[in-house]
Amino acid sequence: MENFENMPRPEIVAVADAVAQEKSINREDVFTAMEVAIQKAGRTKYGAEHDIRAKIDRKTGAIALSRYREVVADDALIENESAQIRLIDAHDYDKNYKVGDFIIDPLPPIDFGRIAAQTAKQVIMQKVREAERNKQYEEYKDKIGSIINGTVKRVELNTRGFISSVVLDIGKTEAMLRYDEIIPHEHFKSGDRVRAYVLDVRREVKGPQIFLSRTCPEFMAKLFTQEVPEIYDGVVQIMGVARDPGSKAKIAVRANDKTVDPVGACVGLRGIRVQAVVTELQGEKIDIVPYSEDKAQFIVSALAPAEVTKVVLDEENNRIEVVVAEDQFSMAIGRRGQNVKLASQLVGAQIDVLTEAQEQERRSNENKVRTERFMEALDVDDMIAHLLVAEGFSTVDEVAMVELSELSEIEGFDEDIAQELQRRAQEFVAKRNEEFAAKSKQLKIDASLQTVAGLDQDMIISLAEKGVKNIDDLADLAADELIEMLGENAISETEANDIIMAAREHWFADEEKVD
(Lines give C-alpha, C1' and ligand atoms only; values in the text may rest on other atoms or scores of the structure.)
Protein backbone atom coordinates (compact mmCIF):
# COMPACT_ATOMS: atom_id res chain seq x y z
CA MET A 1 0.00 0.00 0.00
CA GLU A 2 1.22 3.53 -0.75
CA ASN A 3 1.98 5.61 2.34
CA PHE A 4 0.33 9.02 2.78
CA GLU A 5 1.44 9.44 6.40
CA ASN A 6 3.90 12.16 5.45
CA MET A 7 3.05 15.67 6.53
CA PRO A 8 0.74 17.73 4.35
CA ARG A 9 2.67 20.12 2.13
CA PRO A 10 0.22 22.79 0.93
CA GLU A 11 3.06 24.72 -0.74
CA ILE A 12 3.32 21.92 -3.36
CA VAL A 13 -0.36 22.25 -4.19
CA ALA A 14 0.05 26.02 -4.43
CA VAL A 15 3.02 25.68 -6.80
CA ALA A 16 1.13 23.20 -9.01
CA ASP A 17 -1.87 25.51 -9.20
CA ALA A 18 0.29 28.54 -9.99
CA VAL A 19 2.25 26.78 -12.76
CA ALA A 20 -0.92 25.33 -14.29
CA GLN A 21 -2.55 28.75 -14.37
CA GLU A 22 0.53 30.60 -15.62
CA LYS A 23 1.26 28.13 -18.43
CA SER A 24 -2.42 27.42 -19.21
CA ILE A 25 -1.90 23.67 -18.92
CA ASN A 26 -3.67 20.89 -17.10
CA ARG A 27 -3.09 20.85 -13.29
CA GLU A 28 -2.74 17.05 -13.42
CA ASP A 29 0.16 17.39 -15.91
CA VAL A 30 2.02 19.57 -13.38
CA PHE A 31 1.52 17.06 -10.56
CA THR A 32 2.71 14.24 -12.85
CA ALA A 33 5.85 16.25 -13.69
CA MET A 34 6.52 16.78 -9.96
CA GLU A 35 6.13 13.06 -9.27
CA VAL A 36 8.62 12.23 -12.04
CA ALA A 37 11.09 14.71 -10.55
CA ILE A 38 10.71 13.21 -7.04
CA GLN A 39 11.13 9.69 -8.45
CA LYS A 40 14.33 10.77 -10.19
CA ALA A 41 15.69 12.23 -6.96
CA GLY A 42 14.71 9.04 -5.12
CA ARG A 43 16.60 6.85 -7.58
CA THR A 44 19.61 9.14 -7.23
CA LYS A 45 19.56 8.55 -3.44
CA TYR A 46 18.68 4.82 -3.30
CA GLY A 47 20.17 3.65 -6.60
CA ALA A 48 19.04 3.80 -10.23
CA GLU A 49 18.43 0.04 -10.25
CA HIS A 50 15.47 0.45 -7.86
CA ASP A 51 11.93 1.01 -9.11
CA ILE A 52 11.18 4.11 -7.04
CA ARG A 53 7.76 5.70 -7.44
CA ALA A 54 6.31 8.87 -5.95
CA LYS A 55 2.73 9.89 -5.36
CA ILE A 56 1.54 13.37 -4.42
CA ASP A 57 -1.80 13.78 -2.70
CA ARG A 58 -3.67 16.21 -4.98
CA LYS A 59 -5.47 17.82 -2.01
CA THR A 60 -2.86 18.02 0.74
CA GLY A 61 0.44 17.89 -1.18
CA ALA A 62 1.69 15.01 1.02
CA ILE A 63 4.39 12.99 -0.73
CA ALA A 64 4.51 9.19 -0.56
CA LEU A 65 7.75 7.60 -1.79
CA SER A 66 7.84 3.81 -2.32
CA ARG A 67 10.00 1.06 -3.73
CA TYR A 68 8.23 -1.41 -6.03
CA ARG A 69 9.33 -5.01 -6.59
CA GLU A 70 7.52 -7.17 -9.13
CA VAL A 71 6.65 -10.75 -8.16
CA VAL A 72 7.88 -13.19 -10.84
CA ALA A 73 7.65 -16.99 -11.19
CA ASP A 74 10.11 -19.14 -9.26
CA ASP A 75 11.77 -20.36 -12.46
CA ALA A 76 11.89 -16.90 -14.08
CA LEU A 77 15.21 -15.30 -15.01
CA ILE A 78 15.82 -12.40 -12.63
CA GLU A 79 17.00 -9.41 -14.67
CA ASN A 80 17.06 -6.89 -11.81
CA GLU A 81 17.25 -8.19 -8.23
CA SER A 82 16.39 -4.74 -6.86
CA ALA A 83 13.13 -4.54 -8.80
CA GLN A 84 12.05 -8.20 -8.99
CA ILE A 85 11.42 -10.98 -6.46
CA ARG A 86 10.56 -14.67 -6.89
CA LEU A 87 7.16 -15.89 -5.76
CA ILE A 88 8.63 -18.19 -3.09
CA ASP A 89 10.49 -15.26 -1.50
CA ALA A 90 7.45 -12.98 -1.79
CA HIS A 91 5.46 -15.50 0.27
CA ASP A 92 7.81 -14.75 3.18
CA TYR A 93 6.09 -11.34 3.28
CA ASP A 94 2.54 -12.40 2.46
CA LYS A 95 1.13 -15.75 1.28
CA ASN A 96 -1.45 -13.91 -0.88
CA TYR A 97 1.04 -12.53 -3.39
CA LYS A 98 0.66 -13.80 -6.98
CA VAL A 99 2.90 -13.54 -10.06
CA GLY A 100 2.51 -10.05 -11.49
CA ASP A 101 1.79 -8.37 -8.13
CA PHE A 102 4.07 -5.72 -6.67
CA ILE A 103 5.57 -5.60 -3.18
CA ILE A 104 5.43 -1.94 -2.17
CA ASP A 105 7.91 -0.78 0.49
CA PRO A 106 7.33 2.76 1.85
CA LEU A 107 10.47 4.92 1.97
CA PRO A 108 11.23 7.87 4.26
CA PRO A 109 10.74 11.38 2.85
CA ILE A 110 13.64 12.80 0.90
CA ASP A 111 15.54 15.81 2.13
CA PHE A 112 16.04 17.61 -1.17
CA GLY A 113 19.57 18.88 -1.47
CA ARG A 114 20.66 21.62 -3.88
CA ILE A 115 21.46 19.24 -6.75
CA ALA A 116 18.33 17.14 -6.21
CA ALA A 117 16.19 20.26 -6.14
CA GLN A 118 17.82 21.56 -9.33
CA THR A 119 17.25 18.22 -11.06
CA ALA A 120 13.63 18.22 -9.92
CA LYS A 121 13.17 21.73 -11.28
CA GLN A 122 14.63 20.70 -14.66
CA VAL A 123 12.35 17.68 -14.90
CA ILE A 124 9.31 19.76 -13.94
CA MET A 125 10.10 22.44 -16.51
CA GLN A 126 10.71 19.80 -19.18
CA LYS A 127 7.36 18.17 -18.45
CA VAL A 128 5.66 21.56 -18.40
CA ARG A 129 7.15 22.39 -21.80
CA GLU A 130 5.97 19.03 -23.17
CA ALA A 131 2.49 19.72 -21.82
CA GLU A 132 2.53 23.17 -23.41
CA ARG A 133 3.60 21.70 -26.77
CA ASN A 134 0.89 19.05 -26.65
CA LYS A 135 -1.70 21.71 -25.81
CA GLN A 136 -0.50 23.88 -28.70
CA TYR A 137 -0.58 20.92 -31.12
CA GLU A 138 -4.13 19.97 -30.12
CA GLU A 139 -5.21 23.62 -30.42
CA TYR A 140 -3.68 24.31 -33.84
CA LYS A 141 -4.35 20.97 -35.53
CA ASP A 142 -8.03 21.84 -35.25
CA LYS A 143 -7.28 25.04 -37.19
CA ILE A 144 -6.07 23.21 -40.31
CA GLY A 145 -8.17 24.55 -43.18
CA SER A 146 -8.79 27.95 -41.60
CA ILE A 147 -7.23 31.42 -41.86
CA ILE A 148 -5.17 32.80 -38.99
CA ASN A 149 -3.51 36.17 -38.37
CA GLY A 150 0.11 36.60 -37.44
CA THR A 151 2.90 39.14 -37.13
CA VAL A 152 6.17 38.77 -39.02
CA LYS A 153 8.82 37.80 -36.47
CA ARG A 154 11.70 37.24 -38.87
CA VAL A 155 12.37 36.82 -42.58
CA GLU A 156 14.88 34.07 -43.47
CA LEU A 157 16.93 34.43 -46.66
CA ASN A 158 18.78 31.85 -48.72
CA THR A 159 22.40 32.16 -49.88
CA ARG A 160 21.30 34.19 -52.94
CA GLY A 161 19.46 36.73 -50.82
CA PHE A 162 15.94 35.57 -51.68
CA ILE A 163 13.26 34.75 -49.11
CA SER A 164 13.40 31.10 -48.07
CA SER A 165 10.74 31.39 -45.37
CA VAL A 166 8.87 33.85 -43.18
CA VAL A 167 8.31 33.07 -39.50
CA LEU A 168 5.11 34.49 -38.00
CA ASP A 169 4.23 35.06 -34.37
CA ILE A 170 0.67 33.77 -34.06
CA GLY A 171 0.28 34.30 -30.31
CA LYS A 172 1.32 31.30 -28.27
CA THR A 173 3.73 29.89 -30.83
CA GLU A 174 5.28 30.44 -34.26
CA ALA A 175 4.19 29.43 -37.75
CA MET A 176 6.08 29.22 -41.02
CA LEU A 177 5.40 30.49 -44.54
CA ARG A 178 7.77 28.67 -46.88
CA TYR A 179 8.97 30.40 -50.06
CA ASP A 180 6.70 28.31 -52.32
CA GLU A 181 3.67 29.31 -50.23
CA ILE A 182 4.39 33.05 -50.59
CA ILE A 183 2.76 35.04 -53.40
CA PRO A 184 5.45 35.95 -55.99
CA HIS A 185 7.02 39.40 -55.51
CA GLU A 186 5.47 39.65 -52.05
CA HIS A 187 7.67 41.48 -49.52
CA PHE A 188 7.67 41.22 -45.74
CA LYS A 189 9.34 43.11 -42.93
CA SER A 190 9.38 42.57 -39.20
CA GLY A 191 6.12 43.59 -37.55
CA ASP A 192 3.93 43.25 -40.68
CA ARG A 193 0.45 41.82 -40.07
CA VAL A 194 -0.18 38.77 -42.27
CA ARG A 195 -3.18 36.54 -42.96
CA ALA A 196 -2.55 32.98 -44.14
CA TYR A 197 -4.20 29.58 -44.53
CA VAL A 198 -3.23 26.79 -42.11
CA LEU A 199 -1.97 24.10 -44.44
CA ASP A 200 -0.56 21.54 -42.00
CA VAL A 201 0.34 21.07 -38.33
CA ARG A 202 2.96 18.47 -37.42
CA ARG A 203 3.96 17.17 -34.00
CA GLU A 204 7.75 17.43 -33.61
CA VAL A 205 10.24 17.23 -30.72
CA LYS A 206 10.74 20.98 -30.49
CA GLY A 207 7.01 21.62 -30.55
CA PRO A 208 4.21 21.73 -33.12
CA GLN A 209 5.35 22.90 -36.56
CA ILE A 210 2.63 24.98 -38.22
CA PHE A 211 2.86 25.46 -41.97
CA LEU A 212 0.92 28.24 -43.66
CA SER A 213 0.10 29.15 -47.26
CA ARG A 214 -0.96 32.24 -49.18
CA THR A 215 -0.79 30.58 -52.60
CA CYS A 216 -3.13 27.59 -52.29
CA PRO A 217 -6.62 27.80 -53.87
CA GLU A 218 -8.20 27.15 -50.47
CA PHE A 219 -6.81 30.45 -49.16
CA MET A 220 -8.73 32.40 -51.77
CA ALA A 221 -11.87 30.36 -51.12
CA LYS A 222 -11.65 31.15 -47.39
CA LEU A 223 -11.14 34.86 -48.11
CA PHE A 224 -14.33 34.90 -50.18
CA THR A 225 -16.12 33.06 -47.36
CA GLN A 226 -15.07 35.84 -44.97
CA GLU A 227 -16.01 38.67 -47.36
CA VAL A 228 -19.28 37.27 -48.79
CA PRO A 229 -22.02 36.61 -46.20
CA GLU A 230 -23.99 34.55 -48.74
CA ILE A 231 -21.10 32.07 -48.97
CA TYR A 232 -20.67 31.96 -45.18
CA ASP A 233 -24.42 31.28 -44.79
CA GLY A 234 -24.41 28.58 -47.49
CA VAL A 235 -26.69 30.47 -49.88
CA VAL A 236 -23.85 30.68 -52.42
CA GLN A 237 -21.51 27.72 -52.84
CA ILE A 238 -17.92 27.71 -54.12
CA MET A 239 -17.61 24.89 -56.69
CA GLY A 240 -13.95 25.27 -57.59
CA VAL A 241 -10.91 27.54 -57.49
CA ALA A 242 -7.91 27.75 -59.83
CA ARG A 243 -4.99 30.10 -59.19
CA ASP A 244 -1.81 31.38 -60.74
CA PRO A 245 -0.74 33.07 -57.48
CA GLY A 246 -0.14 36.79 -57.72
CA SER A 247 -1.30 36.96 -61.32
CA LYS A 248 -4.76 35.57 -62.09
CA ALA A 249 -7.42 33.27 -60.63
CA LYS A 250 -10.83 31.85 -61.45
CA ILE A 251 -13.51 30.88 -58.94
CA ALA A 252 -16.71 29.01 -59.83
CA VAL A 253 -19.80 29.72 -57.76
CA ARG A 254 -23.45 28.73 -57.78
CA ALA A 255 -26.49 29.79 -55.77
CA ASN A 256 -28.59 27.32 -53.80
CA ASP A 257 -31.35 29.94 -53.91
CA LYS A 258 -32.57 30.76 -57.44
CA THR A 259 -33.36 34.33 -56.45
CA VAL A 260 -29.71 35.05 -55.66
CA ASP A 261 -27.13 36.03 -58.29
CA PRO A 262 -23.96 34.18 -57.16
CA VAL A 263 -21.58 36.27 -59.27
CA GLY A 264 -23.15 39.55 -58.10
CA ALA A 265 -22.98 38.42 -54.47
CA CYS A 266 -19.24 37.76 -54.79
CA VAL A 267 -18.55 41.02 -56.63
CA GLY A 268 -20.49 43.14 -54.12
CA LEU A 269 -21.74 46.68 -54.42
CA ARG A 270 -19.36 48.58 -56.71
CA GLY A 271 -17.01 45.56 -56.50
CA ILE A 272 -16.17 46.11 -52.86
CA ARG A 273 -16.19 42.41 -51.89
CA VAL A 274 -14.03 41.05 -54.68
CA GLN A 275 -11.72 44.06 -54.39
CA ALA A 276 -11.04 43.19 -50.75
CA VAL A 277 -9.87 39.72 -51.83
CA VAL A 278 -7.83 41.14 -54.73
CA THR A 279 -6.06 43.53 -52.34
CA GLU A 280 -5.22 40.69 -49.91
CA LEU A 281 -3.83 38.65 -52.82
CA GLN A 282 -1.50 41.45 -53.96
CA GLY A 283 -3.58 42.51 -56.97
CA GLU A 284 -4.35 39.03 -58.30
CA LYS A 285 -7.01 39.38 -61.03
CA ILE A 286 -10.05 37.24 -60.30
CA ASP A 287 -12.65 35.93 -62.78
CA ILE A 288 -15.87 34.91 -61.04
CA VAL A 289 -17.46 32.14 -63.09
CA PRO A 290 -21.10 31.01 -62.79
CA TYR A 291 -21.13 27.24 -62.29
CA SER A 292 -23.42 25.09 -64.47
CA GLU A 293 -24.36 21.41 -64.34
CA ASP A 294 -24.20 21.58 -68.14
CA LYS A 295 -20.49 20.89 -68.62
CA ALA A 296 -20.33 22.55 -72.04
CA GLN A 297 -21.91 25.71 -70.67
CA PHE A 298 -19.54 25.66 -67.69
CA ILE A 299 -16.55 25.40 -70.05
CA VAL A 300 -17.80 28.37 -72.08
CA SER A 301 -18.08 30.44 -68.89
CA ALA A 302 -14.68 29.27 -67.62
CA LEU A 303 -12.93 30.48 -70.79
CA ALA A 304 -14.40 33.98 -70.52
CA PRO A 305 -13.72 36.64 -71.64
CA ALA A 306 -13.12 34.66 -74.87
CA GLU A 307 -16.22 33.75 -76.88
CA VAL A 308 -16.50 30.03 -77.70
CA THR A 309 -18.00 28.81 -80.98
CA LYS A 310 -18.15 25.07 -80.27
CA VAL A 311 -17.37 22.60 -77.49
CA VAL A 312 -16.56 18.92 -78.15
CA LEU A 313 -16.45 16.66 -75.06
CA ASP A 314 -14.34 13.49 -74.96
CA GLU A 315 -15.63 11.92 -71.73
CA GLU A 316 -13.61 8.73 -72.20
CA ASN A 317 -10.23 10.50 -72.24
CA ASN A 318 -11.37 13.41 -70.01
CA ARG A 319 -10.43 15.94 -72.68
CA ILE A 320 -12.29 18.90 -74.12
CA GLU A 321 -11.90 20.49 -77.53
CA VAL A 322 -12.99 24.11 -77.81
CA VAL A 323 -13.32 25.99 -81.10
CA VAL A 324 -13.09 29.79 -81.21
CA ALA A 325 -12.99 32.43 -83.92
CA GLU A 326 -9.56 33.55 -85.10
CA ASP A 327 -9.81 36.89 -83.27
CA GLN A 328 -10.71 35.11 -80.00
CA PHE A 329 -7.85 32.58 -80.02
CA SER A 330 -5.20 34.63 -78.19
CA MET A 331 -7.79 35.72 -75.61
CA ALA A 332 -8.89 32.12 -75.00
CA ILE A 333 -5.30 30.93 -74.56
CA GLY A 334 -4.28 33.94 -72.48
CA ARG A 335 -0.84 35.26 -71.68
CA ARG A 336 1.60 32.32 -71.47
CA GLY A 337 -1.42 29.97 -71.77
CA GLN A 338 -2.73 31.20 -68.43
CA ASN A 339 -6.45 31.52 -69.28
CA VAL A 340 -6.86 28.04 -70.73
CA LYS A 341 -4.70 26.51 -67.97
CA LEU A 342 -6.86 28.00 -65.22
CA ALA A 343 -10.06 27.05 -67.06
CA SER A 344 -8.78 23.46 -67.37
CA GLN A 345 -8.06 23.34 -63.62
CA LEU A 346 -11.49 24.77 -62.85
CA VAL A 347 -13.46 22.24 -64.93
CA GLY A 348 -11.13 19.34 -64.07
CA ALA A 349 -10.25 18.34 -67.63
CA GLN A 350 -7.69 19.22 -70.30
CA ILE A 351 -9.02 21.89 -72.67
CA ASP A 352 -7.55 22.12 -76.20
CA VAL A 353 -8.32 25.39 -78.00
CA LEU A 354 -8.51 25.48 -81.81
CA THR A 355 -9.44 28.20 -84.25
CA GLU A 356 -12.24 27.45 -86.71
CA ALA A 357 -9.66 27.17 -89.50
CA GLN A 358 -7.48 24.77 -87.46
CA GLU A 359 -10.46 22.60 -86.63
CA GLN A 360 -11.56 22.48 -90.25
CA GLU A 361 -8.05 21.58 -91.39
CA ARG A 362 -7.67 18.89 -88.75
CA ARG A 363 -11.07 17.41 -89.52
CA SER A 364 -10.21 17.42 -93.19
CA ASN A 365 -6.93 15.59 -92.52
CA GLU A 366 -8.62 13.06 -90.23
CA ASN A 367 -11.33 12.39 -92.80
CA LYS A 368 -8.73 12.00 -95.51
CA VAL A 369 -6.78 9.44 -93.45
CA ARG A 370 -9.98 7.50 -92.60
CA THR A 371 -11.16 7.56 -96.20
CA GLU A 372 -7.83 6.12 -97.39
CA ARG A 373 -7.98 3.40 -94.72
CA PHE A 374 -11.47 2.34 -95.79
CA MET A 375 -10.46 2.33 -99.47
CA GLU A 376 -7.47 0.09 -98.74
CA ALA A 377 -9.07 -2.23 -96.18
CA LEU A 378 -12.44 -2.72 -97.91
CA ASP A 379 -11.23 -2.36 -101.52
CA VAL A 380 -13.83 0.33 -102.32
CA ASP A 381 -13.71 3.61 -104.24
CA ASP A 382 -13.35 6.99 -102.57
CA MET A 383 -17.08 7.77 -102.83
CA ILE A 384 -18.14 4.79 -100.67
CA ALA A 385 -15.28 5.38 -98.25
CA HIS A 386 -16.23 9.03 -97.99
CA LEU A 387 -19.87 8.12 -97.26
CA LEU A 388 -18.75 5.87 -94.37
CA VAL A 389 -16.64 8.67 -92.91
CA ALA A 390 -19.48 11.17 -93.32
CA GLU A 391 -21.77 8.81 -91.34
CA GLY A 392 -19.32 8.82 -88.44
CA PHE A 393 -17.46 5.53 -88.98
CA SER A 394 -13.79 5.87 -88.04
CA THR A 395 -12.47 2.27 -88.05
CA VAL A 396 -13.02 -0.92 -90.01
CA ASP A 397 -13.91 -2.65 -86.72
CA GLU A 398 -16.98 -0.39 -86.40
CA VAL A 399 -18.16 -1.40 -89.86
CA ALA A 400 -17.65 -5.08 -89.01
CA MET A 401 -19.61 -4.88 -85.72
CA VAL A 402 -22.45 -2.45 -86.58
CA GLU A 403 -26.04 -3.56 -87.12
CA LEU A 404 -26.55 -4.32 -90.82
CA SER A 405 -29.67 -2.14 -90.91
CA GLU A 406 -27.58 0.90 -89.92
CA LEU A 407 -25.30 0.38 -92.92
CA SER A 408 -28.14 -0.16 -95.36
CA GLU A 409 -29.84 3.08 -94.25
CA ILE A 410 -26.89 5.19 -95.48
CA GLU A 411 -27.94 7.24 -98.49
CA GLY A 412 -26.66 5.54 -101.66
CA PHE A 413 -26.38 2.09 -100.00
CA ASP A 414 -28.81 -0.81 -100.29
CA GLU A 415 -28.94 -4.09 -98.37
CA ASP A 416 -26.64 -5.89 -100.85
CA ILE A 417 -23.98 -3.19 -100.63
CA ALA A 418 -24.25 -3.17 -96.83
CA GLN A 419 -23.85 -6.96 -96.61
CA GLU A 420 -20.84 -6.90 -98.93
CA LEU A 421 -19.17 -4.06 -97.01
CA GLN A 422 -19.67 -5.82 -93.69
CA ARG A 423 -18.40 -9.14 -95.10
CA ARG A 424 -15.22 -7.45 -96.35
CA ALA A 425 -14.79 -5.63 -93.04
CA GLN A 426 -15.16 -8.85 -91.02
CA GLU A 427 -12.68 -10.68 -93.27
CA PHE A 428 -10.21 -7.81 -92.92
CA VAL A 429 -10.53 -7.76 -89.12
CA ALA A 430 -10.18 -11.56 -88.85
CA LYS A 431 -7.09 -11.59 -91.07
CA ARG A 432 -5.55 -8.63 -89.23
CA ASN A 433 -6.13 -10.33 -85.85
CA GLU A 434 -4.51 -13.55 -87.08
CA GLU A 435 -1.49 -11.64 -88.38
CA PHE A 436 -1.27 -9.68 -85.12
CA ALA A 437 -1.40 -12.88 -83.04
CA ALA A 438 1.36 -14.46 -85.13
CA LYS A 439 3.48 -11.33 -85.00
CA SER A 440 2.91 -11.00 -81.22
CA LYS A 441 4.14 -14.55 -80.71
CA GLN A 442 7.13 -13.96 -82.93
CA LEU A 443 8.09 -10.70 -81.20
CA LYS A 444 7.13 -12.02 -77.74
CA ILE A 445 4.74 -9.14 -77.04
CA ASP A 446 3.18 -9.19 -73.58
CA ALA A 447 -0.63 -9.15 -73.56
CA SER A 448 -0.57 -6.20 -71.15
CA LEU A 449 0.21 -3.82 -74.04
CA GLN A 450 -3.19 -4.57 -75.58
CA THR A 451 -4.93 -3.17 -72.47
CA VAL A 452 -3.49 0.35 -72.89
CA ALA A 453 -6.08 2.81 -74.17
CA GLY A 454 -5.00 4.70 -77.29
CA LEU A 455 -2.84 1.96 -78.81
CA ASP A 456 -4.01 0.00 -81.85
CA GLN A 457 -2.48 -3.21 -83.17
CA ASP A 458 -0.27 -1.48 -85.73
CA MET A 459 1.15 0.76 -83.03
CA ILE A 460 1.82 -2.21 -80.74
CA ILE A 461 3.71 -4.04 -83.50
CA SER A 462 5.68 -0.91 -84.33
CA LEU A 463 6.66 -0.45 -80.68
CA ALA A 464 7.57 -4.12 -80.23
CA GLU A 465 9.90 -3.95 -83.24
CA LYS A 466 11.69 -1.13 -81.41
CA GLY A 467 12.00 -3.08 -78.14
CA VAL A 468 8.86 -1.94 -76.28
CA LYS A 469 7.21 -5.29 -75.58
CA ASN A 470 5.32 -4.87 -72.29
CA ILE A 471 3.42 -2.25 -70.32
CA ASP A 472 6.42 -1.36 -68.13
CA ASP A 473 8.60 -0.72 -71.21
CA LEU A 474 5.92 1.67 -72.44
CA ALA A 475 5.51 3.34 -69.04
CA ASP A 476 9.26 4.10 -68.94
CA LEU A 477 9.07 6.17 -72.16
CA ALA A 478 8.77 9.94 -72.42
CA ALA A 479 6.17 11.46 -74.75
CA ASP A 480 8.74 12.57 -77.33
CA GLU A 481 10.26 9.07 -77.43
CA LEU A 482 6.83 7.51 -78.08
CA ILE A 483 6.09 10.03 -80.87
CA GLU A 484 9.47 9.32 -82.48
CA MET A 485 8.83 5.54 -82.42
CA LEU A 486 5.31 5.77 -83.88
CA GLY A 487 5.90 8.69 -86.24
CA GLU A 488 4.92 12.35 -85.85
CA ASN A 489 1.70 11.93 -87.83
CA ALA A 490 0.53 8.91 -85.83
CA ILE A 491 -0.26 10.66 -82.53
CA SER A 492 -0.15 14.13 -80.99
CA GLU A 493 1.88 15.09 -77.92
CA THR A 494 -1.30 15.11 -75.79
CA GLU A 495 -2.25 11.62 -77.04
CA ALA A 496 1.30 10.39 -76.33
CA ASN A 497 1.11 11.69 -72.75
CA ASP A 498 -2.32 10.07 -72.27
CA ILE A 499 -1.01 6.70 -73.50
CA ILE A 500 2.03 6.81 -71.21
CA MET A 501 -0.07 7.81 -68.17
CA ALA A 502 -2.49 4.96 -68.94
CA ALA A 503 0.49 2.58 -68.99
CA ARG A 504 1.63 3.88 -65.59
CA GLU A 505 -1.75 3.45 -63.87
CA HIS A 506 -0.83 0.00 -62.53
CA TRP A 507 2.22 1.51 -60.78
CA PHE A 508 0.00 3.81 -58.74
CA ALA A 509 -2.46 0.98 -58.08
CA ASP A 510 0.40 -1.15 -56.70
CA GLU A 511 1.53 1.72 -54.44
CA GLU A 512 -2.00 2.07 -53.02
CA LYS A 513 -2.07 -1.65 -52.21
CA VAL A 514 1.24 -1.35 -50.34
CA ASP A 515 -0.02 1.66 -48.37
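## Close-up views of a predicted model

View 1

**View 2. A salt bridge between Arg203 and Glu138.** Here the side chains of Arg203 and Glu138 meet in a salt bridge, with 3.5 Å from N to O. This pair links distant parts of the chain, 65 residues apart. Look for Arg203 in the loop between strand 8 (193-202) and strand 9 (209-213), and for Glu138 in helix 4 (residues 114-141). Arg203 is partly exposed, with a relative accessible area of 49%, and Glu138 also counts as partly exposed, at 37% relative accessibility. Side chains of opposite charge can pair when their charged atoms come close.

**View 3. Glu280 meets Arg195.** Glu280 forms a salt bridge with Arg195, and the closest N and O atoms are 3.4 Å apart. Once again, distant parts of the chain are linked: Glu280 is in helix 8 (residues 272-280) and Arg195 is in strand 8, 85 residues apart.

View 4. The salt bridge between Asp397 and Arg432 has its closest N and O atoms 2.9 Å apart. Asp397 belongs to helix 14 (residues 396-401) and Arg432 to helix 16 (residues 415-443), so the pair links distant parts of the chain, 35 residues apart. Asp397 counts as partly exposed, at 28% relative accessibility. Elsewhere, salt bridges that share partners join Glu138, Lys141, Asp142 and Arg203 into one network. How many salt bridges does the count come to? The count comes to 31 salt bridges.

**View 5. A patch of positive charge.** On the surface, Lys285, Arg335, Arg336 and Lys341 gather in a patch of positive charge. To find one of its members, go to the loop between helix 10 (329-333) and helix 11 (338-347), where Arg335 has its place. Arg335 is exposed, with a relative accessible area of 66%.

View 6. Helix 11 is mostly covered, as 8 of its 10 residues are buried. Which residues are they? The buried residues are Gln338, Asn339, Val340, Leu342, Ala343, Ser344, Leu346 and Val347. Just after helix 11 comes Gly348, which takes a positive phi of about 75°.

View 7. Glu391, Glu403, Glu406, Glu409 and Glu411 gather on the surface in a patch of negative charge. Where is Glu409? Glu409 has its place in the loop between helix 15 (404-408) and helix 16, and it counts as exposed at 65% relative accessibility. Helix 16 itself holds Glu434, which counts as exposed at 59% relative accessibility. From C-alpha to C-alpha, Glu434 and Glu398 are 18 Å apart in space, and they are 36 residues apart in sequence.

**View 8. Asp294 in its loop.** Asp294 is found in the loop between strand 12 (285-290) and helix 9 (295-302). Asp294 counts as partly exposed, at 46% relative accessibility. How many residues lie between the positions of Asp294 and Val253 in sequence, counted as residues apart? The two are 41 residues apart in sequence and 14 Å apart in space, C-alpha to C-alpha.

Conventions
Residues are numbered from 1 along each chain as its sequence is written. This is a predicted model: local features need pLDDT of at least 70, side-chain atom pairs count only at pLDDT 80 or more; totals for chains, interfaces and linings use all residues. Side-chain values use heavy atoms; hydrogens and water are left out. Patches are made of residues with over 30% relative accessible area and no salt bridge: like charges are joined within 9 Å, nonpolar side chains (Val, Leu, Ile, Met, Phe, Trp, Tyr) within 5 Å. Accessible areas come from the Shrake-Rupley method with a 1.4 Å probe; for residues, only the protein chains shown count as cover. A salt bridge is a side-chain nitrogen of Lys or Arg within 4 Å of a carboxyl oxygen of Asp or Glu. Lys and Arg count as positive and Asp and Glu as negative; His and the chain ends are not counted. The place of a charge is taken as NZ of Lys, CZ of Arg, CG of Asp or CD of Glu. Helices (H or I, at least four residues) and strands (E, at least two) are DSSP runs, numbered from the N terminus. Buried means under 20% relative accessible area, exposed over 50%, partly exposed in between (1.4 Å probe, protein chains only).
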